[in-house]
Amino acid sequence: MGLGWYIARRVAWSFVVTFIIVSVTWGLLTAAPNPEVQQAAQQAALAGDDPAEAQDRVRQLRGLDRPLHEQYIGYMTNIYTLNWGWSDSRAQPVTEAVTEALYYTVQYSVPWTLLVVTLGPLVGLYSSANQYSWKDHLATGFAFFGYAIPNFFFGIILLLIFGVELGWIPITYNTDVPVFSVENAIQLAIPVFVLVTGSIGGIMRVSRNESSEFMNADFVKTARAKGVSTYRIYARHVLRPTMVPLSTTMVAQLLALFTGSSILVEVVFSIPGLGRLLFRAIVAQDTSVVLGTSLFFVFVATIGNLLQDLVYTVLDPRISFDDR
């Protein structure tokens, strides 16, 4: 029992959540008109053939003439056996398309996540230590700026300035440059900055508010009376208890930005990552790619929430999973 049993139940529940989300997504896309059927009917009408026969032929070829429950059972079986089907819009297996897109998404999501997780709590702590000073007001203004401006609009403005006017960054993402190179760092600098600006504000404000409660706590006053250094007080006695409620905010905001804002950023900067893959699949109504990409996002969210609960036990040993 205890932590091991809790992890096992959470993993089992993740399969249930994945099943429900993928089922709902499949149902919505199945209810939408199929573009291949419509295109076949249009081509047949232009050629003087029977559009109904062309539609029936495409439905039979794609298996759309089968009963819905057979389509659903067959697809869900393939999903959980990692046979995610064939992408009609990309002419390749879905797993291969997701893997190729993930390669480019990781290149900007890893530095973005590290910067937010590192700078957000530290800037919030620094702002709390200098409460109501010009440093605090500057950090607060930066946080509100990140809240207010949309990521895609901010990205377009920076792309026009640094890409079109100054020519410092490429307008279109270049996939030929090596991953660990100066050229790749330059073309990813603006997308990472846009994502950091949009996500660090909320984490910084929560860190500031939470750490302010511990600045004048009795255990902090006792540590100062014993001659403990200021940096040690901030790191062990203020930042650590602040990270317990802050971890929930970080996971929630980072997952929301990863699944939402990454789509807009990749479309603006032409990064062939998961967000752009999902966007193009929705436009093309490529059901296999949409469901495969959605499944990956669900997997990331489930793992993130599980790690969030495990972080609780590291930051606050008083939390026990024996009765959960």
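## Stop one: helix H11

Start with H11, where the buried residues are Leu 274, Gly 275, Arg 276, Leu 277, Leu 278 and Ala 281. Buried here means under 20% relative accessible area, with exposed over 50% and partly exposed in between (1.4 Å probe, protein chains only). Helices (H or I, at least four residues) and strands (E, at least two) are DSSP runs, numbered from the N terminus.

A quick note before moving on: this is a predicted model, in which local features need pLDDT of at least 70 and side-chain atom pairs count only at pLDDT 80 or more, while totals for chains, interfaces and linings use all residues. Residues are numbered from 1 along each chain as its sequence is written, and side-chain values use heavy atoms, with hydrogens and water left out.

Now click Gln 285, which follows H11 and has a positive phi, near 55 degrees. Most residues other than glycine have a negative phi.

Next, pick Ser 270, in the loop between helix H10 (230-269) and helix H11 (274-284). Its phi is positive too, near 60 degrees. Ser 270 is buried, at 17% relative accessible area.

## Stop two: back along H10

Select Arg 240 in helix H10. Arg 240 is partly exposed, with a relative accessible area of 36%.
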